[in-house]
Amino acid sequence: MNLYWTFSFKIILLLPLIIFLSCQERKLDKKIESCVVNGVKSWERGNIEFYEFAKKIENAMMNAQLLKGKGKQDYTVLFNSIGAESTPTRQFYNEHIETFHADFPVDLFFINNLVFNQCPYEVYSKNKEENEILKRIGLLQLEAMDNGFEDIQQSQKILEEYTTSDFDKIGFRAPIIYLALLNMDRKYNSEIEKLRRRNADKVFLN
């Protein structure tokens with residue numbers, strides 16, 4: 001009986017901390033969303049909706065069976081399929097990329113920097129101790145940008161930084177959705193491949 005009451009008392013003491021941490025996580029994803037939304041509004045075509053666009057990509061990938069669900073494991077499978085250049089993934093890209101470009105400025109530096117670098121840094125810098133996870137994610141995302149979004153393993157490292165509960169929130173999941181699309185673009189965009197070949201064939205004179 002005493003053990004039961006001791007255990008119950010400890011749970012009661014821990015509840016405020018659990019609730020506090022949960023609230024902090026919710027605030028964190030909302031702060032990132034707010035930063036991205038306000039940043040996009042400052043652009044000349046500020047009527048676009050990044051998070052709605054991310055949801056549209058995700059729904060399309062689920063309809064195409066590239067995603068079985070919205071969890072971390074589902075996205076791990078997706079990134080593996082991009083890395084392996086699977087036929088269904090390539091077909092999805094070819095069928096949807098024009099529509100995606102019509103809906104959103106895909107791969108525009110302003111948007112990429114806002115989503116992957118500027119907003120994570122701004123939110124992190126306002127409370128560094130509580131937002132340590134954003135430092136790790138932000139640094140990995142900046143590295144992904146520097147590598148031209150071509151490294152699938154880098155994308156998977158970013159994915160691994162999220163907890164399962166964080167990843168349930170669109171504020172945290174949307175950059176991963178967008179990252180998957182950018183990874184596909186690097187793999188399957190014929191114009192990018194032509195540019196790679198041209199650069200490889202260039203001869204630089206001393």
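1. In helix H9, Arg186 and Asp185 are joined through their side chains by a polar contact of 3.4 Å. A polar contact here is a pair of N or O atoms within 3.5 Å; within protein, one must be able to donate a hydrogen and the other to accept it, and residues adjacent in sequence count only if both atoms are side-chain atoms. Arg186 counts as buried at 10% relative accessibility, since buried means under 20% relative accessible area, exposed over 50% and partly exposed in between (1.4 Å probe, protein chains only).

2. On the basis of the note: this is a predicted model, in which local features need pLDDT of at least 70 and side-chain atom pairs count only at pLDDT 80 or more, while totals for chains, interfaces and linings use all residues. Residues are numbered from 1 along each chain as its sequence is written, and side-chain values use heavy atoms, with hydrogens and water left out. Helices (H or I, at least four residues) are DSSP runs, numbered from the N terminus.

3. The largest nonpolar core has 57 residues, and Val36, Met61, Tyr75, Leu78 and Met184 have the most contacts inside it. Such a core is a set of buried Ala, Val, Leu, Ile, Met, Phe, Trp, Tyr and Cys residues joined through side-chain atoms within 4.5 Å. At least two residues of this core come from each of H1 (2–41), H2 (50–63), H3 (72–83), H4, H5 (109–126), H6 (132–146), H7 (152–161) and H9 (170–188). H9 gives the most, with 12 residues.

4. Leaving aside residues up to four places away in sequence, Met61 touches Leu66, Leu67, Tyr75, Leu78, Phe92, Ile177 and Met184. Contact means heavy atoms within 4.5 Å.

5. H5, H6 and H9 are the elements that give two or more residues to the lining of the largest cavity. By class, that lining has 8 nonpolar, 2 polar and no charged residues.

6. Ile152, Gln154, Ser155, Gln156, Ile158 and Leu159 are the buried residues of H7. Their cover includes H3, H6, H8 (164–167) and H9.

7. Most residues other than glycine have a negative phi. Phe149, in the loop between H6 and H7, has a positive phi of about 60° and is buried at 4% relative accessibility. Asp107, in the loop between H4 and H5, has a phi near 70° and is partly exposed at 27%.

8. Glu33 lies in H1 and is buried, with a relative accessible area of 15%; beyond four places in sequence, Glu33 touches Tyr51, Ile170 and Gly171. Asp103 is in H4 (residues 87–103) and is partly exposed at 34%. With the same exclusion, Asp103 touches Ile48, Phe53 and Lys56. The C-alpha atoms of Asp103 and Lys56 are separated by 9.9 Å, with the two residues 47 apart along the chain.

Conventions: Nonpolar A, V, L, I, M, F, W, Y, C, P; charged D, E, K, R; others polar.
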